[in-house]
Amino acid sequence: MASPSHGHFPSRPIEDSAECAGASSRDGIPVIDLDILLNGDAQEQSRAIRDLGRACEDWGFFMVINHGVPEALQEAVMEACKELYSLPREEKADYIAAGPKDPIRIGTGLFYSDVDDAVCRRDYLKMIAHPEFHCPAKPANLREITMEYSIRTRELLLELAQAISKSLELDGGRVSDALNLESCFQILVGNNYPPYAGSDRVMGISAHSDHGLLTLLFQNGVDGLEVNHNGQWLLAKPLPGSLFIITGDQLEIVSNGRYKAVVHRALVRGEQTRMSFVSMIGPCLDAIVEPVQELARSAPQGMEFRGIKYRDYMEHQQSSRINKKAALDIVRVQHNILTCEGTPNN
Ligand SMILES: O=C(O)CCC(=O)C(=O)O
């Protein structure tokens, strides 16, 4: 397989990208043209950075086009996952027995979610890809394919983190330095949702936000990802060749609440199996994540979150019931707690 390229060439130039770039899809979902963001002239770049900031502030969700991740690589990832899911159980036994702290885990999530009043069901593969790369031994090509995918998507997400830092009127490297993204945590997750046409009360994953900084997601052509925007659920339909980006809890913390982690969920419907593949980056596991001081200083209420080691936050989120963004509450600063006298206690 070709070695990862550090240049950015459109994986498939999107014909009407001029129309989409820095704009939005038919549903209003923001669209960011990575090629313009990185290689445009100064004016184009600053417009793209502004659009990116707006996408993070208003949505916490957007599509990237001209991102440089080859479609053939995405297809290879899906094919290898399909092979893995269909291996006999005994070939996956070690990973099925693994716990949440193990670097590779294969399983079936099956639980009732009172948040969505639904039974959630999905098969998944979770593998930590950075700072150390872990991968099941079979199928034989899984390692090479997912390693290349992890490198390319990590590079893309780190570039987005730089641009997001600029959109907050900070130096490009400020967010990356604050979170020690050079040693970032990265996890790859393959999701497999067998079809279920029987009831609205069955879904894939219930409403949650991601514990990391930025998540990149693509699917196998079957829709099902819903994002919560202004209190409404919206089915996300990707533009051809685009990838979804989901902002996570660490972006909300580091930006002092200016950018919000988006609540999302996955539906299962109809007669087709839906598959999605996630590449998520988070801070270095030992980084203490807190709002960037410059942002907290200029905010009316000061710090919106207290600092927490990312490893501890992740463990807290993973050991809690999936419930939208409830995990963030352990670090949220309460500004308006009433005292006995009924005055705000700041
Ligand atoms: O499958 C999807 O579209 C959503 C997956 C997801 O939210 C997750 O893996 O955390």
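The model is predicted, so local features are described only where pLDDT is at least 70, side-chain atom pairs count only at pLDDT 80 or more, and totals for chains, interfaces and linings use all residues. Residues are numbered from 1 along each chain as its sequence is written. Helices (H or I, at least four residues) and strands (E, at least two) are DSSP runs, numbered from the N terminus.

**Around the ligand**

- The ligand is surrounded by Val189, Asn191, Gly204, Ile205, Asp210, Leu217, Gly224, Leu225, His264, Ala266, Ser276 and Val278. A residue is near a molecule if its C-beta atom, placed from the backbone, lies within 6 Å of it.
- Two or more residues of this shell come from each of strand S5 (185–193), strand S6 (202–208), strand S11 (264–267) and strand S12 (274–282).
- By class, the shell has six nonpolar, five polar and one charged residue. Here Ala, Val, Leu, Ile, Met, Phe, Trp, Tyr, Cys and Pro count as nonpolar, Asp, Glu, Lys and Arg as charged, and the others, Gly among them, as polar.

**The nonpolar core**

- The largest nonpolar core has 91 residues, and Ile32, Leu52, Phe62, Phe244 and Ile245 touch the most other members. Such a core is a set of buried Ala, Val, Leu, Ile, Met, Phe, Trp, Tyr and Cys residues joined through C-beta atoms within 7 Å.
- Helix H6 (residues 142–167) gives the most to this core, namely nine residues.
- Leaving out residues up to four places away in sequence, Phe62 touches Ile29, Pro30, Val31, Ile32, Ala55 and Ile245. Two residues are in contact if their C-beta atoms, placed from the backbone, lie within 7 Å.
- In soluble globular proteins, nonpolar side chains tend to be buried together.

**Two packed helices**

- Helix H3 (residues 42–58) packs against H6 at an angle of about 90°, and their axes are 8 Å apart. Axes are lines fitted to C-alpha atoms, for helices over the stretch in contact, and angles run from 0 to 180 degrees between N-to-C directions.
- H3 and H6 are therefore roughly perpendicular to each other (a term for angles of 65 to 115 degrees).
- H3 brings Ile49, Arg50, Leu52, Gly53 and Cys56 to the contact, while H6 brings Ala163, Ile164, Lys166 and Ser167.

- Most residues other than glycine have a negative phi, and most peptide bonds are trans.
- The bond from His130 to Pro131 is cis, with omega near 5°, and Pro131 sits in the loop between strand S4 (118–130) and H6.
- Lys138 and Pro139 are also joined by a cis peptide bond, with omega about -5°; Pro139 lies in the loop between S4 and H6.
- Asn66, in the loop between strand S2 (61–65) and helix H4 (71–85), has a positive phi of about 50°. Asn66 is buried, with 24 other C-beta atoms within 10 Å. A residue is buried if 20 or more other C-beta atoms lie within 10 Å of its own, exposed if 12 or fewer, and partly exposed in between, with C-beta atoms placed from the backbone.
- Asn180 has a positive phi near 50°, and with 16 C-beta neighbours inside 10 Å it counts as partly exposed.

- Asp33, in strand S1 (residues 31–33), is 209 residues along the chain from Ser242, yet their C-alpha atoms are separated by 9.5 Å.
- Lys260 and Ser209 are 51 residues apart along the chain, with C-alpha atoms separated by 9.6 Å.

Conventions:
Angles under 35 degrees count as roughly parallel, over 145 as roughly antiparallel, 65 to 115 as roughly perpendicular and the rest as oblique.
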